[in-house]
Structure formats: structure tokens, C-alpha cells
Amino acid sequence: MTPVQPKTQAPQSQGTGSAGRRDSLSVTDNRTGKTYELPITNGAIHATDLRQIKTGPDDFGMMSYDPAFNNTAACISRISFIDGDKGILRYRGYPIEALAEKSTYLETAYLILHGELPTEKQLNDWAYHITHHTFIHESIKKFLDGYHYDAHPMGMLISTIAALSTFYPDAKDIFNEESRRKQTYRLIGKMPTLAAFAYRHSLGMPYVYPDNELSYPGNFLNMLFKTTELKYRPNPTLERALDILFILHADHEQNCSANAMRSVGSSHADPFSAAAAATAALYGPLHGGANEEVLRMLMQIGSVANVPAYIKRVKSGEVRLMGFGHRIYKNYDPRARIIKHVAYEVFDVMGKNPLLEIALECERIALEDDYFVSRKLYPNVDFYTGLIYQSMGFPMTMFPVLFAIPRTSGWIAQWQEMLLDPEQKIARPRQIYLGADERPYIPLVNRG
Ligand code: ACO
């Protein structure tokens, strides 16, 4: 839209004009010559205010066309803040760097869900409740047993999260605060158990039950990797690395999976069903599946010497440089910076990942190349996570699962915020219909 000079005369339509600076947008419809004044609130106009712009009484009214929500705020949120140009991420006002350095995942999850850091007592209670909701119903093991040995763990995770809704019908009571609290404990508590059981199933190994004496990430490592030892003791460096990775993945405002959680939740489905949908959204290679794709790409490149040829293919549009680019970050993803440090700590324990040199060379070339610089394509969170996860012994299929576990706290916070927002309704975008006009039905015998 071409910007127009604010009119000094009274608007011909509604508006909130005032003396001096006016928080409004004047729009002239050149089809009719009419000018409208649209109020600006929090730097945005209300899309429904456009509906008054009509060419005649039969006109439905103006809509905004925004496939993939490139410039549409669908909610007011107070959870995560991102400044993509400056490379800033904050949860409830706290910089991600400070949380990654000083907090734990469970404390961060509390912050994300409650809006404030917990007191010591609140944190202990929170950790107690999460820890005491880690067991899953024995019947869930039967579903898992039904999957093929090579079933993708994300597929198993999505379906078992959905299945939780059948075990906890009280979860339908979504406007009951106590019920929401309980489902929150259950979802955050059981996600690592479901994930670990899916992994153990894929190996044909017996399931390992939660150990309440371990931390959240330590218990997850226990359920994944315990073999014959009587007591599993996680390596403290790996336990902390996983906790940091969980902190970094806890929320990321209105991304594809948060949007799925809100959208499904807006129909008042229970939180397990909505979280299953969010997990499904995360499964795609453009979202949570990207780190798996990064590793495949690095293996396909094969050696540092092959990197320039691969970058050439990227620039010709043949392939994408996975782990690069982001819808919001047009600068270095702050999470990628933190992860790079974590990677070296993990490599100190587990040995250097042989794909690291290839990744570093891709990054070096891309950060200097005009194709990437002009498009503001920088490494995103997934560029290094795959290397870390692989070094820690996770198969690639587990990578998106490792994303889904911590993101659960963000999904629940987004869902709850949506439910309690009086402006929210069932999510229902509009469309611009360009299909066939009305036409008569042709009987089968008459169709050529
Ligand atoms: N490699 C090469 N070129 C790219 C890449 C990439 N990774 N990402 C974007 N581009 C190019 C596009 O081809 C386009 O070029 P053009 O203007 O010449 O057509 C331009 O950069 C803009 O790209 P869009 O696809 O419009 O950007 P969008 O915001 O829609 O996509 C996305 C963001 C999906 C993350 C994209 O950058 C991508 O596919 N990256 C690789 C996958 C990935 O790493 N995903 C993880 C995201 S982080 C997360 O979900 C946790």
C-alpha cells in the first residue's frame, strides 16, 4: 500500500483522531476516492477495521492477504520476545544468555508458565510435582509395542501424546485452573518418559522407569541409556549440556508448532490433543526436523573439500543450506551462539564430531558470501544441535524429539495465554477464493 498523507479534515469513516500526533492510519481507497482512518494500537491496525473499506453494499469488505502470516500478529503475548534483526531472545523479559548460563530447564519452564522466576519453595514444589508425574500408564507401553522396530520416534511420540487424552478425561475441563495445572505437570513430566520409551522400543531394549532422585535431564538420560548398572549416574557435563539445550528450546513465540497448539486449542480441544498437533508441526524438516536434515546434509557433503561445490548448488537454488536462515532472525540466532559453546564442552567428553569441520567450513563460507549476507541468512539453532546430539549418542530420528520435550512448556504457556485471552476465538482464517464459479452438476454418463 502506498503511504498517504494524513488528512486534516474529519475522517469520512470511524477513527480516533486527536489534536497533534494521531495514532491512526489514513487510507484512501482509490477505487472509490473514500478515505478511512484506522486506529493504531501497539503499532498495529486491526485487520477487521479494513472490512469497512467497500466498493458498494454487496462488497464483503477489504481483507489483508498474508499467506504464512508473514506480517500478521494473531495474538497479544507476554511470554517470549524476539528481535530478529538484533538477534535477541528473551523469556518473560530475561535474556536467553542469562537463563542458559544461570538457570535450569525446570526453573525456566516455571518462568515461562508463571511469568516470574520461582522462589526456592515454589521451585521445589514445581520440581516435586513434575517428578511425580513422570510415570505413564502401563497400557501406553502396549501401543508402543505395536509399532515396527524402525518406526520414527516422532510418530510414536505424537500418537502417544494424543493417547494421553484418553487416559485423562479430566483434561477436557480446560477452564478449570486446577485441571490445567495438573495437565501441565503431566505433560512436562511424561514427555521425557514417552520419548525415552519410543527410543528404547526402536532398539528393542527394555523400558527404563523414571528415577526420582535424578534431575529432569539426568532422568531422561537414565531412561534412554541405562543398561545393567543398578543406578544410572549421568555424566554431569552431558546432563548440563542437555539442560541448556532444553532451556534454549523452551519457547520461541508464534512459531509453526506454537501456532498449531494455539489453533487446535482454540477449538477447546484438551491440551494433550493440542500438544500432539504441535508435536506434529514440529516434525517437519522446515521446523524441528531441520537438525536431522543438517546432519544428513553434512554427511552428504562428506568432506571439507566438497563444501564449495555444495555451496554452489545452494546458490543455484538446487538445495538449501539446512540450519541456515530463519523467518524471524535476520542476524545470528542467539541460541546458535550459545550452542556452539555447548558443542565444544560435549566434544571434550565424547570426542570431536568428525562432521564439525565440514559444518565450520559451511558457516565460514556462508558468512562471507553475498548470497547469504544479502538474504540475511545466518546459522539458526539447528545448525549445531545435530552435531551435539549425535556426539551424545542420539540417533538422528531422536533429534526432533529432543526439541519437543522442552518446547512442551512453551506450548502449554501459549495455549493457556490463548484460552484466557478474552479477544481470542476459534482460529479461522479467511481465504481469497479464485476457484470455479457456480456451475451445473454433470451426470457421470455425460462426462467426456
Ligand atoms: N539455504 C539457501 N537459501 C535460503 C535458505 C537456506 N537455508 N533459507 C532461505 N533461503 C533463501 C530463499 O531461497 C529466498 O531466496 P530468494 O529471495 O532468492 O527467493 C530467501 O532466502 C528468503 O527465504 P524464504 O524461504 O522466503 O524465508 P522464510 O522466512 O520463508 O524461511 C526457513 C525460513 C524456512 C527457516 C528457511 O530459511 C529454510 O528453509 N531454512 C532451512 C531449514 C532450517 O534450517 N529450518 C530451521 C528453522 S529454525 C527452527 O525451526 C527451530
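View 1. The model is predicted, with local features needing pLDDT of at least 70 and side-chain atom pairs counting only at pLDDT 80 or more, while totals for chains, interfaces and linings use all residues. Residues are numbered from 1 along each chain as its sequence is written, and side-chain values use heavy atoms, with hydrogens and water left out.

**View 2. R320 and L321 beside the ligand.** An N or O atom in the side chain of R320 is 2.7 Å from an oxygen atom of the ligand, whereas L321 places a polar backbone atom 2.8 Å from a ligand nitrogen atom. Of the 920 Å² of accessible area that the ligand has on its own, the protein covers 73% (Shrake-Rupley method, 1.4 Å probe).

**View 3. The shell of residues around the ligand.** The ligand is surrounded by 19 residues, each with a heavy atom within 4 Å of it, and the closest are R320, L321, G323, R327 and N380. By kind, this shell divides into ten nonpolar, five polar and four charged residues, where Asp, Glu, Lys and Arg count as charged, Ala, Val, Leu, Ile, Met, Phe, Trp, Tyr, Cys and Pro as nonpolar, and the others, Gly among them, as polar.

**View 4. Helix α6 with α5 and α4.** The crossing of α5 and α6 is right-handed, as is that of α4 and α6 (the near helix is turned clockwise from the far one by less than a right angle).

**View 5. Helices α12 and α14.** Helix α12 (residues 307–315) and helix α14 (residues 356–368) pack at an angle of about 50°, with 10 Å between their axes, which makes α12 oblique to α14. Their crossing is right-handed.

Methods:
Polar contact = N/O pair within 3.5 Å; in protein donor to acceptor, adjacent residues only side chain to side chain. Axes fitted to C-alpha atoms, helices over the stretch in contact; angles between N-to-C directions. Helix = DSSP H or I, 4+ residues; strand = E, 2+ residues; numbered from the N terminus. Parallel < 35°, antiparallel > 145°, perpendicular 65-115°, else oblique.
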